[in-house]
Amino acid sequence: MKKVGLIMGSDSDLPVVKKAAGILTELGIPYEAHVYSAHRTPAEARDWSLAAKENGFGVIIAFAGMAAHLAGAIAANTTLPVIGVPCKSAVLEGVDALLSTVMMPSGIPVATVAIDGGKNAALLAAEILALGDDEFAAELDERRAAEAKAVLEKDAAIEEQI
Ligand code: RP5
């Protein structure tokens, strides 16, 4: 299976990155994580993105806060699917990063998930990889069914209490 690249703008984004890494580990998807900033280390972010496809990556998840240009800067250098995760900051609670990540000009797409949405980013990456792997797609269907069952069990438990 192709790898997922987890690129964060700062090591302060690590708690959100770990949410994604946990899901990828559960699903058996190989990944690599790096700290490359669109602003502080633009050359490294560019070089990694340019080589990502030939280095065996299938999807890239970019995590950044504040004036978050990382996902767009990566997407500018590859046609691999790029998922952007806006990370919460102290001042504007992540709305700054959400708008910076989601409002890409046409031509360079970034699939943006919720603020601090590391888990959904990993699940979306898994669904993209599953497009070319029927067996893995069936695993994702089973996982979804198990989660639905757990919700219905909670529904039954609530009905007994109220
Ligand atoms: C962004 O600035 C990073 O992605 C991080 O979310 C934010 C703050 O970075 P630090 O000042 O904590 O390194 O580039």
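**Close-up views of the ligand site and ring contacts**

View 1. A polar side-chain atom of Ser10 is 2.5 Å from a ligand oxygen atom, a polar contact being a pair of N or O atoms within 3.5 Å. Asp13 also places a polar side-chain atom 2.6 Å from an oxygen atom of the ligand. From Gly65, a backbone N or O atom lies 3.0 Å from a ligand oxygen atom. The ligand taken alone exposes 360 Å², of which the protein buries 71% (Shrake-Rupley areas, 1.4 Å probe). The model is predicted: local features need pLDDT of at least 70 and side-chain atom pairs pLDDT 80 or more, while totals for chains, interfaces and linings use all residues. Residues are numbered from 1 along each chain, and side-chain values use heavy atoms, without hydrogens and water.

**View 2. Charge over a ring.** The charged end of Lys3 sits over the Phe57 ring, 4.3 Å from its centre (NZ of Lys or CZ of Arg within 6 Å of the ring centre and within 35 degrees of the ring normal).

Key
A polar contact is a pair of N or O atoms within 3.5 Å; within protein, one must be able to donate a hydrogen and the other to accept it, and residues adjacent in sequence count only if both atoms are side-chain atoms.
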